[in-house]
Structure formats: C-alpha cells, structure tokens
Amino acid sequence: METCPGVVVDRATESRLIYSDREGHQHKLDLSPDNPRLTVGRSPDSGLPLTSDEEVSRLHAVVERVGSHWTVVDDGMSRNGTFVNGERITGRRRLRQGDSIRIGGTLLTYNEFGGASDDATMIAANMPNVRSLTETQRAVLTGLCRPYKHGATFANPASNQQIAAELFLSVDAIKTHLRALFAKFDVEDLPQNQKRVRLAELAMQSGIINERDL
C-alpha cells in the first residue's frame with residue numbers, strides 16, 4: 001500500500017484511513033496529533049485529494065482531532081454529503097474503530113492502533129480475499145454491491161430478493177450465503193440494519209469487488 005504524499009509517518013501516528021481508488025489500488029493515510037486537521041476534497045491542495053472523483057466537492061469534509069478523538073466534519077460544505085456507516089452526517093461525527101466513511105464514490109475505513117500492535121495491518125491480514133470465497137459467495141457479494149456502480153452516493157445494498165433474481169437462486173439460499181459472508185467479514189455482531197451496508201463497503205474497500213465487477 002502507498003502512503004499519501006505529504007503525510008509524515010512517525011511514532012505519534014495513532015490512527016489511519018485506508019481506502020481504494022477507482023482502479024482498486026489500496027492506499028493508507030496515517031493520522032497524527034501533530035497534524036490535527038486534514039481537509040478532504042477534489043482540490044489538489046487538499047490534505048487528502050480525491051481529484052478523479054466527480055461526486056466529491058472541492059472542499060468536501062474535514063477529518064479533525066478534538067481532544068483525544070478523531071472526528072469527521074461536514075458542515076454543509078459538500079454537494080453530495082458525507083456518510084459514516086451508511087448514514088449521512090450533519091456537522092461533526094466522532095470516529096470509532098472500523099467506521100466506514102463514504103465521500104463521493106470513495107470508501108475510507110478508519111482504524112486505530114497503538115504500541116507494538118497495528119490494527120490496520122492486522123485487519124488487512126485477516127480480511128478475506130477472492131481465493132477464500134466460493135464462486136457463489138463472490139457472486140452474492142457482487143449482487144449486493146451492484147447498486148453502488150459508478151460510485152452512486154445514495155445507493156443501498158441490493159435486497160435478498162434482487163440478488164436471488166439476478167443469480168436464479170432462492171431467497172433462503174441467498175440468506176445462507178450472506179450469513180456465511182457476515183461471519184467471514186466479521187460483521188455478524190453488528191445491528192441487523194448495518195450488516196449489509198458494512199459488508200458491501202468492506203468488499204469494495206478491500207478490492208474483492210471493484211468497479212469492473214459491477
């Protein structure tokens with residue numbers, strides 16, 4: 001993975017944003033209390049420039065440290081909004097381990113780590129890959145993520161009925177495959193209304209499902 005230009009990685013680094021570009025390449029951006037404010041936008045001058053994402057405003061959001069916590073802020077600066085775990089935010093939202101941030105068509109995952117352990121590295125190592133999924137599981141994931149094609153900002157994951165119709169399987173079969181995927185991606189303990197969104201975001205953020213698949 002690459003580190004964004006201009007970001008200093010040192011012992012003060014305590015949190016990290018991980019995201020994939022539209023070509024499926026994964027990047028990491030380390031956050032440090034020494035640099036407590038990071039702008040995100042389409043402007044090349046942004047701390048995190050998303051210049052190729054047309055759904056991103058020039059100044060879209062700010063990732064900012066407040067006290068001992070990192071937050072994301074969208075005070076109406078963006079045209080298409082900023083989403084945390086699938087929910088559009090208004091104002092400031094504190095970030096927690098594993099939170100998914102959608103800015104335009106870009107998905108970012110927030111990770112915290114400290115001491116000798118690096119949670120971001122551990123999560124990446126434990127993340128399922130294409131070889132660890134059956135052909136049908138990957139087809140179900142693709143169907144689940146299809147509404148996000150072209151980075152659709154307000155999309156929701158496909159329903160069980162939609163996936164079943166696409167794959168010519170029963171709804172019960174889709175439910176069985178999804179339960180297995182929830183377990184593989186370690187989201188089975190999330191509230192029911194968050195599991196599908198989180199699964200879709202992890203599948204795309206990890207590169208298992210990319211734009212070409214959709």
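Glu166 is partly exposed, with a relative accessible area of 32%; here buried stands for under 20% relative accessible area, exposed for over 50%, and partly exposed for values in between, with a 1.4 Å probe and protein chains only. The model is predicted: local features need pLDDT of at least 70, side-chain atom pairs count only at pLDDT 80 or more, and totals for chains, interfaces and linings use all residues. Residues are numbered from 1 along each chain as its sequence is written, and side-chain values use heavy atoms, with hydrogens and water left out.

Glu166 forms a salt bridge with Arg146, at 2.5 Å from N to O. The term denotes a side-chain nitrogen of Lys or Arg within 4 Å of a carboxyl oxygen of Asp or Glu. This pair links distant parts of the chain, since Glu166 belongs to helix H3 and Arg146 to the loop between H2 and H3, 20 residues apart. Helices (H or I, at least four residues) and strands (E, at least two) are DSSP runs, numbered from the N terminus. Arg146 is likewise partly exposed, with a relative accessible area of 28%.

The whole structure holds five salt bridges. One of them joins Arg16 to Asp30, with the closest N and O atoms 2.4 Å apart. Arg16 lies in strand E2 (residues 15-20) and Asp30 in strand E3 (residues 26-31), so the pair ties together parts 14 residues apart in sequence. Arg16 is buried, at 6% relative accessible area, and Asp30 is buried as well, at 5%. Another salt bridge connects Arg92 and Glu64, at 3.2 Å from N to O. Arg92 is in strand E10 (residues 91-94) and Glu64 in strand E6, so this pair ties together parts that are 28 residues apart in sequence.

Strand E6 (residues 61-66) also takes part in strand pairing, which requires that DSSP find at least two bridges between two strands. E6 pairs with strand E4 (residues 37-41) in the antiparallel sense over four bridges, and Thr39 stands opposite Val62 of E6. E6 pairs with strand E7 (residues 69-74) in the antiparallel sense too, over five bridges, with His69 of E7 as the bridge partner of Val66. E6 and E7 form a hairpin with two residues between them, and Gly67 in the turn has a positive phi of about 65 degrees.

Most residues other than glycine have a negative phi. Asn85 has a positive phi of about 55 degrees although it is not a glycine; Asn85 is placed in the loop between strand E8 (82-84) and strand E9 (87-88). Asp186, also not a glycine, has a positive phi of about 60 degrees. Asp186 lies in the loop between H4 and H5 and is exposed, with a relative accessible area of 62%.

The helices can be followed from H2. Its buried residues, including Val140 and Leu141, pack against helix H3 (160-167), helix H4 (171-184) and H5, where contact means heavy atoms within 4.5 Å. The axes of helix H2 (residues 135-145) and helix H5 (residues 192-205) come within 10 Å and cross at roughly 105 degrees. Axes are lines fitted to C-alpha atoms, for helices over the stretch in contact, and angles run from 0 to 180 degrees between N-to-C directions. H2 and H5 are therefore roughly perpendicular to each other, a class that spans 65 to 115 degrees, beside roughly parallel (under 35), roughly antiparallel (over 145) and oblique (the rest). Among the residues making this contact are Leu144 of H2 and Leu199 of H5.
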